[in-house]
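Open the model in your viewer and keep the selection tool at hand. The tour below goes from stop to stop, saying what to select and what is there.

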Amino acid sequence: MSENKEIEVMQSVYDKNDEVASKINLSLTKRGIYAVNVMGSPGAGKTSTLIQIIKRLESITPYVIEGDIESDFDTKTLLSLGVRTIQINTGGACHLDSPLIGKAVDDLNLEKGILFIENIGNLVCPAEFMIGEHAKMLISTVTEGSDKPYKYPLAFEKADIIILNKCDLLPYVDFDESFFMKGVRALNKTAPVIKVSCKTGEGFDEVMLWISEKAKS
Amino acid sequence: MHEYPITKRIIEISQEHANKYNAKEVKQINLVVGDYSGYVASSIELYFGIIAEGTLCENAKLNIKRIKPMLKCNECDMLFERKPFSFECPSCGGQGSPTKIGHEFYIESIEI
């Protein structure tokens, strides 16, 4: 048997996804769209958060891409509020990837505004794949517990803004805020952490300051 | 489950490089996978056997070098592996920040 010949490759296996993501990002930027990748576990209140934000947007046009393994409940809710929304069903896949978004972005025919891409409810894989976004928004909740940054570090590390939802339930749950913040800050020094309640609307004024600042630029 | 498309990509990249050298087969693929890349080495191995069938990589041995994630202490700059539920530096007790070590996911080389 002849000897093996080693060929250096040094190529990232994410290359295709990242290449497509960069193209999407560029095309969105050109069209005046600021894209936000919305991540969080199932039931964290991703759609509820979007509704609270969209209600307050005033002069900025919102668009939504809804990612779900199955169903179109969230899309129906958003469409009923008059929001241009497109549904992606991954049929089992645990995250959205850039080729899926590329097609949805073309179908939505976007111009100037803010695009929210609601990722699959999952704290693991969505953080690993760029999908053309300008920022990652992580929705965490007091009901999930304060250990989440320690258990799912990548999602917290990559987030550009962290929304801590369901804060109206703080009196009823054992959420250790200082332990949570210690973990968040070890992983991520810059992302604002904003306490909100989708139920009461509390905290969203601060979220809107962040959004309008970003959508402007 | 998302190892399936990524394993397919590993095979594609290996074949592209093997084709440049007109290789008849890929004998080994040396892959580097950080534990924070989100990919499970054993799942990649599982899919590899199925997807590689009928390709230049059919009989290739997949060598996976796993990299343990390292944090860097904000106080003393020491690189360390984290313990569960903590980001604390074992040397000085400071908090560690994530580094790129442990996020790797690339093909280092192939052997033909």
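UniProt positions are given in the numbering used here, feature names are shortened, and annotations may be inferred rather than shown by experiment. This is a predicted model, in which local features need pLDDT of at least 70 and side-chain atom pairs count only at pLDDT 80 or more, while totals for chains, interfaces and linings use all residues. Residues are numbered from 1 along each chain as its sequence is written, and chains are lettered from A and ligands numbered from 1 in the order in which they are written.

His2(B) lies in the segment before α1 of chain B. Helices (H or I, at least four residues) and strands (E, at least two) are DSSP runs, numbered from the N terminus. His2(B) counts as partly exposed because it has 18 C-beta neighbours inside 10 Å. The cut-offs are 20 or more other C-beta atoms within 10 Å for buried, 12 or fewer for exposed, and partly exposed in between, with C-beta atoms placed from the backbone. Now show what surrounds His2(B): leaving aside neighbours within four places in sequence, its contacts are Ala93(A), Cys94(A), His95(A) and Cys125(A). Contact here means C-beta atoms, placed from the backbone, within 7 Å.

Next, select residues 3–20 and 41–51 of chain B, which are helices α1 and α2. They pack at an angle of about 60 degrees, with axes 9 Å apart. Axes are lines fitted to C-alpha atoms, for helices over the stretch in contact, and angles run from 0 to 180 degrees between N-to-C directions. The two helices, α1(B) and α2(B), are therefore oblique to each other; angles under 35 degrees count as roughly parallel, over 145 as roughly antiparallel, 65 to 115 as roughly perpendicular and the rest as oblique. On the α1(B) side, the contact is made by Glu3(B), Tyr4(B), Thr7(B), Lys8(B) and Ile11(B). On the α2(B) side, it is made by Ser43(B), Ile44(B), Tyr47(B), Phe48(B) and Ile51(B).

Move on to Cys73(B), Cys76(B), Cys89(B) and Cys92(B), another "binding site" in the unreviewed UniProt entry.

Cys76(B) sits in the loop between β3 (71–73) and β4 (79–80), and Cys89(B) in the loop between β4 and β5 (96–98). Beyond four places in sequence, Cys76(B) is in contact with Cys89(B), Ser91(B), Cys92(B) and Gly94(B). Cys89(B) has contacts that include Cys73(B), Met78(B) and Phe80(B).

Now zoom out to the whole of chain B, with its 2 helices and 6 strands. From the N terminus, the order is α-β-α-β-β-β-β-β. Buried residues make up 36% of its 112 residues. The C-alpha atoms fill a box of roughly 55 × 30 × 15 Å along the principal axes.

Finish with chain A, which has 8 helices and 8 strands. Of its 217 residues, 45% are buried. Its C-alpha trace spans about 70 × 40 × 35 Å along the principal axes.

Technical notes. Contact = placed C-beta atoms within 7 Å.
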